[in-house]
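Please read each point with the structure at hand.

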Amino acid sequence: MQAKKRYLLLSAGAGLLLLIYLAGVRFGRLSAARRQSRRWAAADGSPSAPDRWPEWSNSLQSFSVGDQPENEEFSQRGSPRHKREINTSVYKGKKCRMDSCFDFSLCHKNGFKVYVYPQQKGEKMSESYQNILAAIENSKFYTSDPRQACLFVLSLDTLDRDQLSPQYVHNLKTKVQSLYLWNNGRNHLIFNLYSGTWPDYTEDLGFDIGQAMLAKASISTENFRSNFDVSIPLFSKEHPRTGGEKGYMLFNNIPPLRKYLLVFKGKRYLTGIGSDTRNALYHVHNAEDIVLLTTCKHGKDWQKHKDARCDRDNSEYERYDYREMLHNSTFCLVPRGRRLGSFRFLEALQAACIPVMLSNGWELPFSEVIDWNQAIVVGDERLLLQIPSTIRSINHDKILALKQQTQFLWEAYFSSVERIVLTTLEIIQDRILNHISRNGLIWNKPPGGLFSQPQYSTHLGDFPFYYSYLGIKPSSKFTAVIHVVTPLVSQSQPILKLLVAVAKSQYCAQVIVLWDCDKPLPAKHRWPSTTVPVLVIEGENKVMSSRFLPYDAINTHAVLSLDEDTVLSTTEVDFAFIVWQSFPERIVGYPARSHFWDSTKERWGYTSKWTNDYSMVLTGAAFYHRYYHYLYTHYLPSSLKNMVDQLANCEDILMNFLVSAVTKLPPVKVTQKKQYKETMMQQSSRASRWADPDHFAQRQTCMNTFATWFGFMPLIHSQMRLDPVLFKDQVSILRKKYRDIERL
């Protein structure tokens, strides 16, 4: 009996020791996991929580109404372990940020300059990558000297890293490592549209990017390195290099509804990545206002894998035209494909069809600066069935606002490869020059970040586009800039009369005489005495573009640009300035011209005929904001300005191109007492310029050269003319504010 008790006691003790040992092992593992979790948190920059549990369980999986593939291969590929292995191998520099993997000292001396490696012989390059490099080389950021560079871009094509693609560049790892400036990728930017291949479509580029930044399409929020990488849109090889088509929203229709409420037309993947949502779309499709069409007819072996719905889906798919659906729907569904991004995203933006995103985990393009809540609807792949009720609940005012924002974003940042590249570079520049970086209002309101240069000012009130948003008005005075190219030989010359008339304006703060004449400056006593300061600036290079330099002496918002032979009265000057204060972002003035498309010559034409239609107001007598001097000087390429200077012509046309491209609006013409004419003065170089028979032909050439650089014709026709009076009634003329304008 005693032996039996001893045996039971010994057994119980052994069991207790075993339990204590197992608990200790489990607690040790848990403690180790917690320590590892803290190390990850510390390395990642996130706060470490002492009670943070290890992430042993999987995150919530997307639901699928359709059937799931049950083959063993797919099951293995979709396993949590396999996904973890893929994700941990994507970027070795996953913890890179600007402060840890970017050398700011390279940018201190020469500012933000970008160097492109010279192309190596025998290396193939896709047209899309050629367009990207061309956009960089034609930009203000480009430098051909690597010693001046702050950022480096490869000449090796990294856009398509799908091993099954004919555009795939082999041995890229070795080629990149051999670059003499590579330095483990530090201060390098890599562009990529496609990564990974069937069946996993990972985000791995197939080589170690080191500390390089990525400008990548279809990048996931998990792998996106915030404030380091740049998410770019997926664009096709047909995407325009420059310019691009405008958005398709022509009118602000109220109510802003179209034939369809929600549409989609695309491939249906029967198995694998991207199949969950697309296989379930038929549950939402009603063939009336919601038309969601899919086809199984893609790939070589589609018939081997087709299901019971394929034939019916394929038949209905062929009945609808994609473009017609796109342009006649209020919302466009944008589900993920094999990768997170989709061509439909940009197609919907351009068509003013509000994108409804179904791509969980996609870091949206340029998310660092664009507030996408103002332009799209973000759905959840797991809540597909709630999409119809969600979009039906959006009121008409919100729909119109969303549609308008799609058009702005499309034209500002996505309409061409050049816009996409420049936006990428501007975002990186804002990080480097953080003290003058643009805020969210600038990026998300017209004209956008590309046309609002932070080097000009960090104060929104210094830009003409944001007065209405800020609730402010431009300054109540103007600076007159008179461009002079002929010597002062007589006290009866038009410039002296013009100077006196302008100086008498109650709104004139000062007059600047820009002396671009080859003759020496006249003595001070030759100039008439005025009540406002008259500053004479002698042009250094004596070229036409010098009239648009951003002179520090211009201390008012408004600039009155004048040719020396312009004939204007003080009343006309006052009236034009009052009009400009209501349109501070536009050119407002007197001499109008127009453009037209010459179908016989297949080129743009220029006309000076006086009609009710115009698209330009020449800067020989016009008001505009001083910011356009800065844009003209620093935004436009030297090739266009050199052309203007060599011809001594077209500077006024180029300024109109620039302002219309920025504002997407026509200039404003005001009435005048006398018809504006280019006065033929004897013994003047300007007279000979206007009398030159080649002058008109040069302006035709300028029109087409400018349109080629902009990538489209920015000029917009208008028939609006603002007059100070409606009736020439002699009885009441003395009671009219601008009565001198009526007198002929």
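Strands are DSSP runs of E with at least two residues, and they are numbered from the N terminus. The model discussed here is predicted.

1. Strand 19 covers residues 603-607, and Thr607 belongs to it. Is Thr607 buried or exposed? A residue counts as buried when its relative accessible area is under 20%. Thr607 has a relative accessibility of 17%, and therefore it counts as buried.

2. A polar atom of the Thr607 side chain lies 3.2 Å from the backbone nitrogen of Lys609. When neighbours within four places in sequence are left aside, Thr607 is in contact with Arg593, Ser594, Phe596 and Phe696.

3. Helix 18 spans residues 494-503. How many of its residues are buried? The count is 7 of the 10, so helix 18 is largely enclosed by the rest of the structure. The buried residues are Ile495, Leu496, Leu498, Leu499, Ala501, Val502 and Ala503.

4. Helix 14 (residues 396-414) and helix 15 (residues 417-432) have axes that come within 7 Å and cross at roughly 80°. Because of this angle, helix 14 is roughly perpendicular to helix 15. On the side of helix 14, the contact is made by Glu411, Ala412, Tyr413 and Phe414, while helix 15 contributes Arg419, Ile420 and Thr423. Sorted by class, the residues of this contact are 4 nonpolar, 1 polar and 2 charged.

5. A further pair of helices is formed by helix 22 (residues 651-663) and helix 24 (residues 694-710), whose axes come within 10 Å and cross at roughly 30°. Angles under 35 degrees count as roughly parallel, and helix 22 is therefore roughly parallel to helix 24. The crossing of helix 22 past helix 24 is right-handed.

6. Which residues make the contact between helix 22 and helix 24? Helix 22 supplies Asp652, Ile653, Leu654, Phe657, Leu658 and Ala661, and helix 24 supplies Arg699, Met703, Phe706, Ala707 and Phe710. By class, this contact of helix 22 with helix 24 has 9 nonpolar and 2 charged residues, with no polar ones.

Notes
Residues numbered from 1 in each chain as written. Predicted model: local features only at pLDDT ≥ 70, side-chain atom pairs only at ≥ 80, totals over all residues. Heavy atoms only, no water. Helix = DSSP H or I, 4+ residues; strand = E, 2+ residues; numbered from the N terminus. Buried < 20%, exposed > 50% of the residue type's maximum accessible area, 1.4 Å probe, protein only. Polar contact = N/O pair within 3.5 Å; in protein donor to acceptor, adjacent residues only side chain to side chain. Contact = heavy atoms within 4.5 Å. Axes fitted to C-alpha atoms, helices over the stretch in contact; angles between N-to-C directions. Parallel < 35°, antiparallel > 145°, perpendicular 65-115°, else oblique. Left-handed = near helix turned anticlockwise from the far one by under 90°. Nonpolar A, V, L, I, M, F, W, Y, C, P; charged D, E, K, R; others polar.
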